[in-house]
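Trainee: I have a model open and would like to learn how to read it. Can you take me through it feature by feature?

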Amino acid sequence: MVRSSMTIVKHWRKSSLQLWHKKRSFPPQRNRQNSIQKYVPAMIFSSWLGTYADLIMVEQQMYSFPIRPFPALFSINIAFTVFLLPITTAFFLYYVEKLNTTQRFIVVLLLGFFMPLVEQLSEKVGWFNHSSEWRHLYSFFGYIFFMWLVCKFHFWYSYNNRIPRH
């Protein structure tokens, strides 16, 4: 007995309508882990860079962290450099990837203006103390340089390891 398959409806070739394909939900399950993994090297890099920058600045007594976890062991706030900085780096890179070069420059510049204000607020709360020689202009340029360096590292690493960008 021979079975024949019968097509019930055919796509009309002269039709300008596109075929409807099933769309996957966002984010696709199999790509979710891959999309998170592509930020991990930059998150580690930002944590490392932030930790060493804080260690150098605290050692030179430019600023200090009066409230920090494990104050007997660490002179810096490791909660910031190990947890908060990498997480915010991932969010930052996720949004920056979608922008062109000019838009990235504007976002980095705006964040550079915003970070000294955050530092002043954290000083008022008591999380951060600056020395009398500290100028918030240092924070402005420092954060711009930090974000530029993390972006460059992320795009360089993504390109060299063929991690697809959004």
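**Reading the fold, from loops to core**

Mentor: Start with a loop. Gln61 sits in the loop between H2 and strand S1 (63-64). Keep in mind that this is a predicted model.

Trainee: Is Gln61 buried or exposed?

Mentor: Look at the relative accessible area. For Gln61 that value is 62%. The cut-off for exposed is over 50%, so Gln61 counts as exposed.

Trainee: Now the whole chain. How many helices and strands does the protein have?

Mentor: Count the elements, then read their order. There are 5 helices and 2 strands. From the N terminus on, they run α-α-β-α-α-β-α.

Trainee: What share of the residues is buried?

Mentor: Of the 166 residues, 30% count as buried. The accessible surface comes to about 13,100 Å², and 65% of that surface belongs to carbon and sulfur atoms.

Trainee: How far apart in sequence are the residues that touch?

Mentor: Take contacts between residues at least 6 apart in sequence. In this protein, 65% of them join residues at least 24 apart.

Trainee: Which residues of H5 are buried?

Mentor: Among them are Phe140, Tyr143, Ile144, Phe146, Met147, Val150 and Cys151. The list also includes Ser139, His154 and Ser158.

Trainee: What do the buried residues of H5 pack against?

Mentor: Three helices: H2 (40-59), H3 (78-96) and H4 (101-125).

Trainee: How should I think about a core?

Mentor: In soluble globular proteins, nonpolar side chains tend to be buried together. Here, the largest nonpolar core has 19 residues. Those with the most contacts inside this core are Phe92, Leu93, Met147, Val150 and Cys151. H2, H3, H4 and H5 each give two or more residues to this core. H5 provides the largest share, 9 residues.

Trainee: What does Phe92 touch?

Mentor: Leave out residues up to four places away in sequence. Phe92 then touches Val107, Val108, Leu111, Met147 and Cys151. There is also a second, separate core of 8 residues, including Val58, Met62, Tyr63 and Phe128.

Trainee: Which residues form a nonpolar patch on the surface?

Mentor: Val82, Phe83, Ile87, Phe91 and Tyr95 do. Together they have about 550 Å² of accessible area. Tyr95 is placed in helix H3.

Trainee: One last residue. Where is Gln120 found?

Mentor: Gln120 is in helix H4. Its relative accessible area is 33%, so Gln120 is partly exposed. The C-alpha atoms of Gln120 and His136 are separated by 8.6 Å, and these two residues are 16 apart along the chain.

Terms used: Residues are numbered from 1 along each chain as its sequence is written. This is a predicted model: local features need pLDDT of at least 70, side-chain atom pairs count only at pLDDT 80 or more; totals for chains, interfaces and linings use all residues. Side-chain values use heavy atoms; hydrogens and water are left out. Buried means under 20% relative accessible area, exposed over 50%, partly exposed in between (1.4 Å probe, protein chains only). Helices (H or I, at least four residues) and strands (E, at least two) are DSSP runs, numbered from the N terminus. Contact means heavy atoms within 4.5 Å. A nonpolar core is a set of buried Ala, Val, Leu, Ile, Met, Phe, Trp, Tyr and Cys residues joined through side-chain atoms within 4.5 Å. Patches are made of residues with over 30% relative accessible area and no salt bridge: like charges are joined within 9 Å, nonpolar side chains (Val, Leu, Ile, Met, Phe, Trp, Tyr) within 5 Å. Accessible areas come from the Shrake-Rupley method with a 1.4 Å probe; for residues, only the protein chains shown count as cover. A salt bridge is a side-chain nitrogen of Lys or Arg within 4 Å of a carboxyl oxygen of Asp or Glu.
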